[in-house]
Amino acid sequence: MSTHTENGQIEAERQLLTTLHEVSLLSSRRFNLAVRDMGLTRTQWMVLYQLYLNGNQSQTEIARALSLAKPPLGKVIDLLERDGWLTRRRSPKDRRENIVALTAKVDPLIGPLSKTVSQISRQAFTGISLKQQDLFIRRLEQIRENMRSSLEAQQHTHHHQSINL
């Protein structure tokens with residue numbers, strides 16, 4: 001590959017990652033504006049919706065599904081538990097693990113919040129066909145998996161380097 005082509009590839013990758021970051025920030029802002037009257041942030045809603053879609057989960061499972069670090073997720077769960085949105089209990093399989101479950105307080109919000117998510121999604125995908133959306137989502141999922149694998153490999157290498165010091 002020529003240097004010119006490599007530079008173009010690097011610039012395209014940089015632009016893609018920058019744009020993805022900007023889209024994430026914009027969607028967060030848009031969602032936070034929509035739900036602020038409910039007293040929830042986008043991250044809090046993501047945790048609640050993850051549990052709504054997938055049932056009770058450990059904090060580790062939630063962190064992985066939402067690509068959140070465990071300490072900040074723990075703080076979000078603390079607030080949601082304090083406000084009565086969810087409960088935590090020790091896992092019967094592993095006492096070190098907490099299982100998180102929704103409370104009935106969430107039930108009346110699921111419909112309106114799902115509608116808000118749909119509205120934001122429709123606005124975001126205006127002018128993009130369903131076929132293009134599907135292809136785009138598949139590519140983003142591949143990027144996400146590439147990034148997860150890279151992160152896990154880097155963490156593994158860092159862990160082993162720390163042990164050898």
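Select α2 and α5 to start: the two helices pack at an angle of about 110°, with their axes 12 Å apart. This is a predicted model. An angle of 65 to 115 degrees counts as roughly perpendicular, so α2 is roughly perpendicular to α5. Check the hand as well: α2 passes α5 in a left-handed crossing.

Now show side chains where these helices meet. On the α2 side, pick W45, Y49 and Y52. On the α5 side, pick I110, L113, S114 and V117. Colour the contact of α2 with α5 by class: six residues are nonpolar, one is polar and none is charged.

Next, move to α3 and α4. Select residues 59-66 for α3 and residues 70-82 for α4. Their axes lie 10 Å apart, and the packing angle is about 110°. α3 and α4 are therefore roughly perpendicular to each other. Which hand does the crossing of α3 and α4 have, left or right? α3 passes α4 in a right-handed crossing.

Stay here and pick out the contact. α3 brings Q59, T60, I62 and A63. α4 brings K70, L73, G74 and I77. By class, the residues of the contact of α3 with α4 are four nonpolar, three polar and one charged.

Now go to the core. The largest nonpolar core holds 22 residues. Highlight V47, L48, I62, L80 and L86, the residues with the most contacts inside this core. α1 (3-35), α2 (42-54), α3, α4 and α5 (107-124) each supply at least two of its residues.

Centre on V47. What does V47 contact, leaving aside its neighbours within four places in sequence? Select I62, L66, L73, V76, I77, L80 and L86.

Last stop: T87. Find T87 in strand β2, residues 86-90. Is T87 buried, partly exposed or exposed? Its relative accessibility is 38%, so T87 counts as partly exposed. Draw a distance from the C-alpha atom of T87 to that of I77: the two are separated by 8.7 Å, and the residues are ten apart along the chain. I77 also belongs to the contact of α3 with α4.

Finish with the surroundings of T87. Not counting residues up to four places away in sequence, T87 touches E81, I99, V100, A101 and T103.

Terms used: Residues are numbered from 1 along each chain as its sequence is written. This is a predicted model: local features need pLDDT of at least 70, side-chain atom pairs count only at pLDDT 80 or more; totals for chains, interfaces and linings use all residues. Side-chain values use heavy atoms; hydrogens and water are left out. Axes are lines fitted to C-alpha atoms, for helices over the stretch in contact, and angles run from 0 to 180 degrees between N-to-C directions. Helices (H or I, at least four residues) and strands (E, at least two) are DSSP runs, numbered from the N terminus. Angles under 35 degrees count as roughly parallel, over 145 as roughly antiparallel, 65 to 115 as roughly perpendicular and the rest as oblique. A crossing is left-handed if the near helix is turned anticlockwise from the far one by less than a right angle, and right-handed if clockwise. Contact means heavy atoms within 4.5 Å. Ala, Val, Leu, Ile, Met, Phe, Trp, Tyr, Cys and Pro count as nonpolar, Asp, Glu, Lys and Arg as charged, and the others, Gly among them, as polar. A nonpolar core is a set of buried Ala, Val, Leu, Ile, Met, Phe, Trp, Tyr and Cys residues joined through side-chain atoms within 4.5 Å. Buried means under 20% relative accessible area, exposed over 50%, partly exposed in between (1.4 Å probe, protein chains only).
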